[in-house]
Amino acid sequence: MEKEKILFSSESVSEGHPDKVCDRIADAVLDECLKNDPDSHVACEVLGTNNYFLVAGEITSKSKIDVTKIVKDVLKEIGYDKEELICDYHTVVVDDKIKQQSPDINRGVNQTKPEDLGAGDQGMMFGYASNDTNNYMPLPIAIAHELVREATSLRHDGAFIGARPDMKSQVTIDYTNPNNLKIDTILMSIQHDPDINFEEFKKYVEENIMKKVAQKFNLNTDFKVLINPTGRFVLGGTAGDTGLTGRKIIVDTYGGSAEHGGGAFSGKDPSKVDRSGAYMARYIAKNLVAAGVADRLQVQLAYAIGVSRPISIGIKTYHSSKYSDEQILTVINKVFDTRPGMIIQNFSLKKPSFRYQDITNYGHVGRSDISLPWEKLDKVEEIKKLIKNI
């Protein structure tokens, strides 16, 4: 009897996916607010359908922002620049419904000292790291991101003839033999011009994207291939599906390999712990795994609105650590400051060295193309020294 395979799949989507277009617009609004007022409080939501975008939410900022220009600039950068795509930055209709943030929320998050800053809302956030990859990310989501990143890069360069902005990938990894991981299946759905030679298109995707990425990860190239399984994908973006902010939270994080608290990132300033708390949880998990504390580690932080310290810190090691949970929690409490104001200060989240809109695609965590403070491994040596003495 043939042994059942142990399989796990993760997906990613490109910058042209309708939900990701909305995420990017929301974070472009945040970027513009923070540019002239680092203390801006932003909670921005975007809906996109056809050539119409509704931008709503609550914002308190001294910055003057032109929402229509922001939407047009984002669409232009992505490549929604032709009438035939239906969504076109030249003619897009933008409905600005942004209003002032509630003073009740402001009261809890407007403390003068960073150490006293209360969380912008209640909730729980998860961070995760594993030894699957060099960057401590689960293998399926790492490959899935790289596939759509590569395809998008080739499209922008003009090398990927006939490709349009909306793309998806899905990767299935065979974990049956932990010492010999394999790619079982790669699925890609890529929006295209109506007059392409579909066989040549599929051949290009398999040879120049799928196999190229597999080789980059030193993995097999004899995987099962699925490309545009319905046979045609011309109508895409917000012309094909309505887009909304916050609908790709698993794509944004660990591809389903870890738990998720449910809070989205994009369009939120860092006082919202949905964002800053999740970044902190990743920072903790990554440094602990890099220090050899565990091979896989999940960290949960939970906060109450207006309260500076988390009400709980939880961990899960998946039986991959020689240390007890108590030992690991002691290290976390000694090494990491999980108060929202201190996270913001230590990561410079009000005056970031990056644009928030640039991390809306291909994951908010596990990035190697952008220098992100929560991806630094600057606590490893401290952890190693400390845990030996607990």
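Which residues of the largest nonpolar core touch the most other members? The legends below take up this question first and then turn to other close-up views of the structure, which is a predicted model.

**View 1. The largest nonpolar core and its most connected residues.** The largest nonpolar core holds 76 residues, and those that touch the most other members are F53, V71, L75, L288 and W374. Helix α8, which spans residues 273–290, supplies the largest share of this core, namely ten residues. When neighbours within four places in sequence are left aside, L288 is in contact with V293, A294 and L297, with I328, V331 and I332, and with I383. Another core, of 27 residues, lies apart from the largest one, and L147, A151, F198 and F201 are among its members.

**View 2. Aromatic pairs around F354.** A search of the whole structure finds twelve aromatic pairs. In one of them, the ring centres of F354 and Y356 are 5.2 Å apart and the planes stand at 80°, so this pair is edge-to-face, the class for planes over 60 degrees apart. F354 is buried, with a relative accessible area of 8%, and Y356 likewise counts as buried, at 0% relative accessibility. The rings of F354 and W374 also form an edge-to-face pair, because their centres are 5.6 Å apart and their planes are at 85°. Both F354 and W374 lie in the loop between α10 (340–347) and α11 (380–387), so the pair ties together parts that are 20 residues apart in sequence. W374 is buried, as is F354.

View 3. A163 has H192 in β7 as its bridge partner.

**View 4. Strand β10 and the two strands paired with it.** Strand β10, residues 296–303, is mostly covered, with six of its eight residues buried. Strand β5 (residues 123–130) pairs with β10 in the antiparallel sense over eight bridges, and the bridge partner of G123 in β10 is Y303. Strand β11 (residues 312–316) also pairs with β10 in the antiparallel sense, over five bridges. In this second pairing, V299 stands opposite I315 of β11. Strands of a sheet pair through backbone hydrogen bonds, either parallel or antiparallel.

**View 5. Helix α1 and its surroundings.** Helix α1 covers residues 18–36, a run of 19 residues, and reaches 29 Å from its first C-alpha to its last, which is close to the 27 Å expected at 1.5 Å a residue. Of the 19 residues of α1, 16 are buried, so this helix is largely enclosed by the rest of the structure.

How values were computed: Residues are numbered from 1 along each chain as its sequence is written. This is a predicted model: local features need pLDDT of at least 70, side-chain atom pairs count only at pLDDT 80 or more; totals for chains, interfaces and linings use all residues. Side-chain values use heavy atoms; hydrogens and water are left out. Two strands pair if DSSP finds at least two bridges between them. Helices (H or I, at least four residues) and strands (E, at least two) are DSSP runs, numbered from the N terminus. A nonpolar core is a set of buried Ala, Val, Leu, Ile, Met, Phe, Trp, Tyr and Cys residues joined through side-chain atoms within 4.5 Å. Buried means under 20% relative accessible area, exposed over 50%, partly exposed in between (1.4 Å probe, protein chains only). Contact means heavy atoms within 4.5 Å. The expected span of a helix is 1.5 Å times one less than its number of residues. Rings of Phe, Tyr and Trp (its six-membered ring) pair if their centres lie within 6.5 Å; planes under 30 degrees apart count as stacked, over 60 as edge-to-face and the rest as tilted.
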